[in-house]
Amino acid sequence: MLDYARERYAARGVDLDAAVAAMDAFPVSIHCWQGDDVSGFESDGGELGGGLAVTGNYPGRARNADELRSDLEAALRVIPGQHRLNLHAIYAETGTKPVGRDRLSAEHFSRWIDWACSQRIGLDFNPSYFAHPLAASGMTLAHADTSVRRFWIDHGIVCRRIAAAMGAATGTPCITNVWVPDGMKDTPVDRKGPRERLADSLDAIFAETLDPAHQLDAVECKLFGIGAESYTVGSHEFYLGYAASRGKLLCLDTGHFHPTEVVSDKLSAVLQWIPEVLLHVSRGVRWDSDHVVTLSDELRAIACELVRGGYGERVHIGLDFFDATIHRVAAWAIGVRATQKALLAALLEPITELRNAESTGDYTARLALLEDHKTLPLGVAWDHYCELKGVPRDGDWLVEVQRYEHEVTSQRD
Ligand SMILES: C[C@H](O)[C@H](O)[C@@H](O)C(=O)CO
Ligand SMILES: [Mn+2]
């Protein structure tokens with residue numbers, strides 16, 4: 001079967017083995033928050049809020065950092081390749097004493113850092129601007145009250161330092177992604193003031209120069225959230241301008257746009273003006289519902305844009321979904337494996353033939369090639385990749401997760 005697949009791709013001018021080898025250049029930053037429904041481990045944390053909503057009550061949620069790390073290891077055993085872990089500040093381990101988010105430091109993440117080093121994976125990081133009494137009003141960095149704003153600015157400052165320590169320890173830059181829920185349920189009369197305050201707060205957070213070899217900054221835009229239906233301070237236009245003017249990464253979450261807008265079309269547009277992009281690959285169903293990522297047309301289109309544009313170095317792939325209706329380890333595995341399949345399909349695209357067809361105006365051949373590519377034996381190449389990396393193929397990995405569920409997660413209260 002593998003030889004047959006090699007031949008089929010070779011007939012289209014594509015080297016299957018080279019495509020499989022190229023997969024190493026696309027690590028995926030796996031979001032820790034799928035493992036515990038974005039709960040975190042703060043003893044004094046608040047309701048999730050911020051427009052974020054997790055539905056479902058599948059048994060076996062990780063209740064502490066050791067359980068979450070164990071679940072992540074179970075997921076990594078069925079995910080091919082070396083990846084990264086994306087942590088939120090609410091996953092700090094502060095012992096029995098609560099530590100204010102404005103006082104967190106790298107020592108509160110030392111066990112995560114040691115674990116990442118032992119797994120040989122990189123870390124990414126996020127300040128948490130939700131699930132906190134000072135975020136309950138729906139405003140954080142854009143808040144009109146200076147003392148509330150100061151608290152959240154200090155949170156951003158300490159998180160960048162934590163990220164720098166993570167990057168230094170793991171030997172790969174840690175991306176600190178700033179997302180704030182700030183917005184209004186109903187029509188504001190002052191759209192300008194909060195945006196001025198958000199810009200000032202961000203400038204204050206980013207004032208300290210940190211080594212880009214250890215730490216990079218990203219800002220995440222959004223169209224609307226639950227409870228912020230009429231106005232989102234950090235809109236796409238706001239953050240595109242901010243990132244372009246400050247040389248920051250722009251985080252594009254695939255659930256954060258109008259349902260008819262697609263991130264696959266935005267990549268080559270924003271990368272004209274900003275240095276790098278962080279992706280939050282999600283699957284919005286009718287709204288920013290954060291469903292588990294599947295091998296959709298849009299996911300494939302995003303992967304094609306990365307490969308065709310040669311954006312491997314400039315686009316960082318992260319995931320952002322949370323579904324508590326299915327087994328959480330399986331959710332990670334499904335989402336990461338789907339993302340990787342999209343990448344492999346993109347690497348197997350008959351790009352030379354496609355470019356020739358397009359440049360000669362033969363749009364009939366372009367469409368025919370794109371359609372035919374869909375049924376070439378991607379699954380055989382994918383199985384081969386899984387075997388090379390020593391993880392179960394499609395059809396086999398779920399059994400491993402079910403065993404883990406039986407032995408570990410189903411034993412939790
Ligand atoms: C928990 C995440 O940081 C959060 O989902 C954010 O990235 C987002 O997308 C909010 O809608
Ligand atoms: Mn996101």
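Strands are DSSP runs of E, at least two residues long, and helices are runs of H or I, at least four long, numbered from the N terminus.

This is a predicted model: local features need pLDDT of at least 70, side-chain atom pairs count only at pLDDT 80 or more, and totals for chains, interfaces and linings use all residues. Residues are numbered from 1 along each chain as its sequence is written.

**Exercise 1.** Find how many residues of strand 4 are buried, and which strand pairs with it.

*Solution.* 
- Take residues 174–178: five of five are buried.
- Look for the partner: five bridges join strand 4 to strand 6 (residues 215–220). Pairing needs at least two DSSP bridges.
- Check the direction: the two strands run parallel.
- Pick one position: V178 stands opposite V219 in strand 6.

**Exercise 2.** Describe how helix 10 meets helix 13.

*Solution.* 
- Locate them: helix 10 covers residues 328–347 and helix 13 covers residues 378–388.
- List the contacts (C-beta atoms, placed from the backbone, within 7 Å). K341, L344 and A345 in helix 10 meet L378, A381, W382 and Y385 in helix 13.
- Sort these residues: six are nonpolar, none polar and one charged. Ala, Val, Leu, Ile, Met, Phe, Trp, Tyr, Cys and Pro count as nonpolar, Asp, Glu, Lys and Arg as charged, and the others, Gly among them, as polar.

Technical notes
Chains are lettered from A and ligands numbered from 1 in the order in which they are written. Axes are lines fitted to C-alpha atoms, for helices over the stretch in contact, and angles run from 0 to 180 degrees between N-to-C directions. Two residues are in contact if their C-beta atoms, placed from the backbone, lie within 7 Å. A residue is buried if 20 or more other C-beta atoms lie within 10 Å of its own, exposed if 12 or fewer, and partly exposed in between; C-beta atoms are placed from the backbone.
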